[in-house]
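Hi everyone, thanks for making time this morning. I'd like to walk you through a structure, so let me put it up on the screen.

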Amino acid sequence: MEYMPDFTLHRPKDVAEAVRLRAEEGALFVAGGTDMIVNVRRGIERPTSLVDLSAIEGLDRIERDADGLHIGAGVTLDRLATDGTIRRDFAAVAQGAAAVAGATHQRYGTLGGNLCLDTRCLFYNQSEWWRKSNDYCLKERGSVCHVAPGGKRCFAAFSGDVAPTLLVHGAEIDVVGPDGARRMKLADLYRNDGMDHLTLAPGEMIVTIHLPASEGGAPSAYEKSRIRGAIDFPLAGAAVWLRQDGGRLAALRIATTGVHTHPVLIEGLEKFAGSALDDAALDGIGETVRSQSRPMRTTTVKPWYRRRVVGALARRLTARLAGL
Amino acid sequence: MKTLLSLTLNGRPRDDAVPDNMLLVDYLREVVRLTGTKIGCDGGECGCCTVLVDDRPRHACLTLAAAVQGRRVETIESLERNGRMSAIQRGFHEKLGAQCGFCTPGMVMAAEGLLRENPDPDIPAIRRGLAANICRCTGYVKIIEAVQAAAKENAA
Ligand SMILES: Cc1cc2nc3c(=O)[nH]c(=O)nc-3n(C[C@H](O)[C@H](O)[C@H](O)COP(=O)(O)OP(=O)(O)OC[C@H]3O[C@@H](n4cnc5c(N)ncnc54)[C@H](O)[C@@H]3O)c2cc1C
Ligand code: SF4
Ligand code: FES
Ligand code: FES
């Protein structure tokens, strides 16, 4: 068992206790553990204590009311993928959850863990000896970024499949920390820094994810490109949500994953409102998505390909949702 | 730190003091000495370590032993009944779903979990249900036939 460092495991029963325990030096949260335990085993994370969120009462609940869906951070991905309301009214979310890893991961990997998934890179998601023989890298213990050696920034890619699907539905999250609770837009959870891509303050946890009813019911979809069809992180992924009005586009939202340090809600799509979605408009949509994607050499697949693919996915899904 | 773990393992309650940092797969193999559950990778990639926790497939290599407190855990060793193979075991045996056998315990437990959730899966559902399990030998065709055979036997 040399591959597991020593740490204390806490299994709090409520959020307040979890937040208190997380405030201790060297403490980290673990939910399903499908990312965290891998990183602990590889020596990427070296916690002195782990705060396991799986015993918290009610964190695995999905509640429904007139405002929409209120999904506990501990809800597993297979439940998102199979929930009748989500499949009908927020289809992209169900498709995103079903596209994560493989069936077994989906059965205990959680939504909270998926949103807080660490950013990924060829030089980072490796065993201890692999990273050591490469002198580690800027993101962890080292002094050089092997992707962009001249710079002082990390470009590791956010690779969660569910975040873009929630972004296009205008999701909000409840966060609880040592200083109390706050509600924020999901988009504000992320920032452009591969080293530290979450805006959560130390000790803060996500408790609930809100999907507003007002954004439900419109056509939406998610698709990703990956090396293996069975299990794989996205090389590029796109979620699309749209409304039509008499054969013309009324509103369009697109968000991407895998092509930036954080999931990106694409800007500048308003100009396509009113369009009949002819080839020129669809090309323009694909180009808008492409131009806001910044994949770097963080996977074995070249950045130019991932940029091209993310635009093509967005274009294709838009056409399909519009019934073209 | 240690935790007193109380769980139901393969149908029988048991208690063990386990280190906080012990993985379920090490608990099963090193403490309980149930070595049917295999380790094939450094975490979550291969599916060899798949066991059932409350009827649902889960990687024992990414699960802390102390986190299955009070739960029902089933391993490959639980499937036979008085020396007779269960339907899913017979399926793998008769349809030649196992070659070298290393992926088999995890593959069988993932298939068992799938059949409990969906007793009559079509081929796409079988492929999806076993997507987290890698086999270097069979090419998967025989594994799919094994699951179909078990589903048929269970329905008979
Ligand atoms: C082989 C393999 C393939 C994978 N493929 C994919 C894939 O294709 N797409 C994909 O999206 N993911 C993939 N994953 C990653 C992972 O399975 C999922 O992202 C999963 O949803 C993570 O959830 P978890 O509960 O297991 O998270 P954990 O590993 O428990 O936690 C992940 C991170 O989130 C933090 N965290 C967890 N819950 C909270 C909370 N409520 N508040 C604040 N922080 C929290 C943890 O501290 C940790 O930093 C893969 C993993 C493996 C092993
Ligand atoms: S982008 Fe650079 S710093 Fe970031 S993980 Fe990769 S090699 Fe390390
Ligand atoms: S040992 Fe490979 S997934 Fe657990
Ligand atoms: S039978 Fe050899 S790996 Fe599957």
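Let's start with one residue, B:T104: its relative accessible area is 13%, under the 20% cut-off, so B:T104 counts as buried. Before I go on, please keep in mind that this is a predicted model. B:T104 sits in helix 3 of chain B. If we set aside neighbours within four places in sequence, B:T104 is in contact with B:F92 and B:A98.

Now let's step back to chain B as a whole. How is chain B divided by the domain assignment? The assignment gives domain 1, residues 2–78, and domain 2, residues 87–155. Taken over C-alpha atoms, the centres of domain 1 and domain 2 of chain B are 21 Å apart. Domain 1 of chain B brings 17 residues to the contact, and domain 2 of chain B brings 14. Between them, these two domains of chain B bury about 1300 Å², with 63% of that on carbon and sulfur atoms.

While we're on chain B, have a look at helix 1, residues 24–31. Which of its residues are buried? They are B:L24, B:V25, B:D26, B:Y27 and B:L28. What do the buried residues of helix 1 of chain B pack against? The answer is three strands of chain B: strand 1 (2–9), strand 2 (12–19) and strand 3 (50–53). Just after helix 1 of chain B comes B:R33, which takes a positive phi of about 65°.

Next, the empty spaces. Rolling a probe the size of a water molecule over the atoms shows where empty space is left.

I'll take the second largest pocket, which holds about 870 Å³ of space. Its lining is made of 35 residues, and those nearest the centre of the pocket are A:A103, B:R127, B:R128, B:G129 and B:A131. Which elements give two or more residues to this lining? From chain A we have helix 3 (77–82), helix 5 (91–98), helix 6 (103–108) and strand 9 (220–225). From chain B we have helix 3 (104–117), helix 4 (123–129) and helix 5 (141–155). Helix 4 of chain B gives the most to the lining of the second largest pocket, with five residues.

The largest cavity has a volume of about 80 Å³. Of the 14 residues that line the largest cavity, A:C121, A:C137, A:C145, A:V147 and A:C154 lie nearest its centre. That lining has 11 nonpolar, two polar and one charged residues.

The second largest cavity holds about 50 Å³. Chain A lines the second largest cavity with A:A103, A:T104 and A:R107, while chain B lines it with B:P57, B:A110, B:G113, B:L114, B:E117 and B:G129. Helix 6 of chain A and helix 3 of chain B are the elements that give two or more residues to this lining. Helix 3 of chain B gives the most here, with four residues. By class, the lining of the second largest cavity has four nonpolar, three polar and two charged residues.

Terms used
Residues numbered from 1 in each chain as written. Chains lettered and ligands numbered in written order. Predicted model: local features only at pLDDT ≥ 70, side-chain atom pairs only at ≥ 80, totals over all residues. Heavy atoms only, no water. 1 Å grid on protein atoms, 1.4 Å probe; cavity = no way out; pocket = protein on both sides within 12 Å on 5 of 7 lines; lining within 4 Å. Points joined across faces, edges and corners; volume = space filled by probe spheres on them. Nonpolar A, V, L, I, M, F, W, Y, C, P; charged D, E, K, R; others polar. Buried < 20%, exposed > 50% of the residue type's maximum accessible area, 1.4 Å probe, protein only. Contact = heavy atoms within 4.5 Å. Domains from an automatic or database assignment. Buried area = accessible area lost by both parts, 1.4 Å probe.
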